[in-house]
Structure formats: structure tokens, C-alpha cells
Amino acid sequence: VELETDSYKKSDILYKIATTVRRSSKSQARSYALKAIDANPANGKAYLLIANLYATSANACGSTPFEKRAIYWKAADMARKAGRVDPALSGRASQTAASYDAKAPSKE
């Protein structure tokens, strides 16, 4: 990865590593996805991956049902960001964000 000079290719490689390690370590997958974003801030797929990592971690976060579901706010934000940085993903990103918003607790 370090030898790659093209930032788009580097970002793509880091994204592929993130998707490969996600089953064994969500935190490591998030780290690689963030590196992919550092290499190419327009990599919407990396933001969607992070959104998914957050959403699938909901039961591991917090101690009350409200706290466990609150992570969906962060997941929805990441999904929306994916659509903003990569217009080609805007439809998928907004559907994903809407799905996470529906799972998040009401703010009352």
C-alpha cells in the first residue's frame, strides 16, 4: 500500500483491505476505511462501510436500549456523508441513511 503513488488506487486498495478484515475486526476495518478516505476523500464506499460497521455494532455499544440504538444516528450521518462526497452513491446512501434513521431512537 505504501508503494502506491496514485491516491485513488491507494484508496481503493485500503478499502478492499477494510472489507476483507471487517469480519474479524470491525475496529481494524474502520481504521483501513478511514485511511482510504484520507487517501481519497471522495471515496463514498468507505463512508458507507463505516456506516455499516457502526450499525452492526449497535448491540455492543451502550448499556440501555436508548444508548444501543443511538449509534444509528452516527451510522446515518456517515451514510449521508457517502452520498455527499460521491454523487454516484447518493441514492443508495440516502436509502441507507433512512434505514438507520428509522432504527435510531426518537430524540425525546
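Which residues of α1 are buried? They are Ser11, Leu14, Tyr15, Ala18 and Val21. Buried means under 20% relative accessible area, exposed over 50%, and partly exposed in between (1.4 Å probe, protein chains only).

## Basis of the model

This is a predicted model, in which local features need pLDDT of at least 70, side-chain atom pairs count only at pLDDT 80 or more, and totals for chains, interfaces and linings use all residues. Residues are numbered from 1 along each chain as its sequence is written, and side-chain values use heavy atoms, with hydrogens and water left out.

Helices (H or I, at least four residues) and strands (E, at least two) are DSSP runs, numbered from the N terminus. Contact means heavy atoms within 4.5 Å.

## Helix α1

Helix α1 covers residues 7-21. Its 15 residues should span 21 Å at 1.5 Å a residue, and the end C-alpha atoms are 21 Å apart, which agrees. The expected span of a helix is 1.5 Å times one less than its number of residues.

Ser11, Leu14, Tyr15, Ala18 and Val21 are the buried residues of α1. They cover an arc of only 135° around the axis, so they sit on the same side of α1. The arc is that of the directions from the helix axis to the C-beta atoms. An α-helix has 3.6 residues a turn, so residues three or four places apart point the same way. The buried residues of α1 pack against α2 and α3.

Asp12 is also in α1. Asp12 counts as partly exposed, at 28% relative accessibility.

## How α1 meets α2

Two packed helices are described by the angle between their axes and the distance between the axes. For α1 and α2 (residues 26-39), the angle is about 170° and the axes are 8 Å apart. Axes are lines fitted to C-alpha atoms, for helices over the stretch in contact, and angles run from 0 to 180 degrees between N-to-C directions. The two helices are therefore roughly antiparallel to each other. Angles under 35 degrees count as roughly parallel, over 145 as roughly antiparallel, 65 to 115 as roughly perpendicular and the rest as oblique.

On the α1 side, the contact is made by Ser7, Lys10, Ser11, Leu14, Tyr15, Ile17, Ala18 and Val21. On the α2 side, Gln28, Ala29, Tyr32, Ala33, Lys35, Ala36 and Ala39 make the contact. By class, the contact has 10 nonpolar, three polar and two charged residues. Ala, Val, Leu, Ile, Met, Phe, Trp, Tyr, Cys and Pro count as nonpolar, Asp, Glu, Lys and Arg as charged, and the others, Gly among them, as polar.

The 14 residues of α2 should span 20 Å at 1.5 Å a residue; the end C-alpha atoms are 20 Å apart, which agrees. Ala29, Ala33, Ala36, Ile37 and Ala39 are buried in α2. They cover an arc of only 160° around the axis, which puts them on the same side of α2. Ser27 and Asp38 are exposed on the other side. The cover over the buried residues of α2 includes α1 and α3.

Ala42 lies in the loop between α2 and α3 (44-56). Ala42 is partly exposed, with a relative accessible area of 36%. Not counting residues up to four places away in sequence, Ala42 touches Val85 and Asp86. Asn43 lies in the loop between α2 and α3. Asn43 counts as buried, at 7% relative accessibility. Leaving aside neighbours within four places in sequence, Asn43 is in contact with Ser11, Tyr15, Ala36, Ile37 and Val85.

## Helix α3

In α3, 10 of the 13 residues are buried, and the helix is mostly covered. The buried residues are Gly44, Ala46, Tyr47, Leu48, Leu49, Ile50, Ala51, Leu53, Tyr54 and Ala55. They pack against α1, α2, α4 and α5 (90-103).

Ala75 is found in helix α4 (residues 65-85). Ala75 is buried, with a relative accessible area of 0%. Ala75 touches Ala51, Tyr54, Ala55 and Tyr100, not counting residues up to four places away in sequence.

Trp73 is in helix α4. Trp73 counts as partly exposed, at 26% relative accessibility. The C-alpha atoms of Trp73 and Asp101 are separated by 6.4 Å, and the two are 28 residues apart along the chain.
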